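Try each task before you read its solution.

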Amino acid sequence: SGRQRLGRVAEVSVLDFERDRLTSAGRFDLVYKIVWVSDKVGDGNGYDIQPYSNQGEVLYIEVTTTLGGIGTPFFLTENEICVSKSRNDQHPFYRLSDYAKAPK
């Protein structure tokens, strides 16, 4: 569906961002360890991407995307919320808005 395609494109943007972040931090050892969970395993894990912090800690990123502006409502599953609460600081959300025009 169109929503799934949008989600995949946004996840690739976040993957690129995370790779650039780790490269800029000199953590080349972690760049190739990033896992695109929703692509390899599928949805339903409560997060989409598993990168690392600059200190080497595993992170669990959920990516949400809307075509509308920052005020556009978005949906999180109950599982995504539960995983977020259980992982606290290790579970950032990436909210991409205005994705069709000028992603933010």
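**Exercise 1.** With which residue does E18 form a salt bridge, and how far apart are the closest N and O atoms?

*Solution.* Keep in mind that this is a predicted model. Start from E18: its salt-bridge partner is R21, and the closest N and O atoms are 2.4 Å apart. A salt bridge here needs a side-chain nitrogen of Lys or Arg within 4 Å of a carboxyl oxygen of Asp or Glu, so the pair of E18 and R21, at 2.4 Å, qualifies.

**Exercise 2.** Decide for E18 and then for R21: buried or partly exposed?

*Solution.* Recall the cut-off first: buried means under 20% relative accessible area, and exposed means over 50%, with partly exposed in between. E18 has a relative accessible area of 1%, so E18 is buried. R21 has 23%, so R21 is partly exposed.

**Exercise 3.** What is the salt-bridge partner of R27, and how many salt bridges does a search of the whole structure find?

*Solution.* R27 forms a salt bridge with D29, their closest N and O atoms being 2.8 Å apart. R27 counts as partly exposed because its relative accessibility is 22%; D29, at 43%, is partly exposed as well. The search of the whole structure finds 4 salt bridges.

**Exercise 4.** Which element gives the largest share of the lining of the largest pocket?

*Solution.* Begin with the pocket itself, whose volume is about 690 Å³. Its lining is made up of 26 residues, and R3, G7, D43, E62 and V63 lie nearest the centre. Two or more lining residues come from each of helix 1 (2-24), helix 3 (37-40), strand 3 (62-65) and helix 4 (78-87). Helix 1 gives the largest share, with 6 residues. Finally, sort the lining by class: 6 residues are nonpolar, 12 polar and 8 charged.

Definitions and conventions
Residues numbered from 1 in each chain as written. Predicted model: local features only at pLDDT ≥ 70, side-chain atom pairs only at ≥ 80, totals over all residues. Heavy atoms only, no water. 1 Å grid on protein atoms, 1.4 Å probe; cavity = no way out; pocket = protein on both sides within 12 Å on 5 of 7 lines; lining within 4 Å. Points joined across faces, edges and corners; volume = space filled by probe spheres on them. Helix = DSSP H or I, 4+ residues; strand = E, 2+ residues; numbered from the N terminus. Nonpolar A, V, L, I, M, F, W, Y, C, P; charged D, E, K, R; others polar. Buried < 20%, exposed > 50% of the residue type's maximum accessible area, 1.4 Å probe, protein only.
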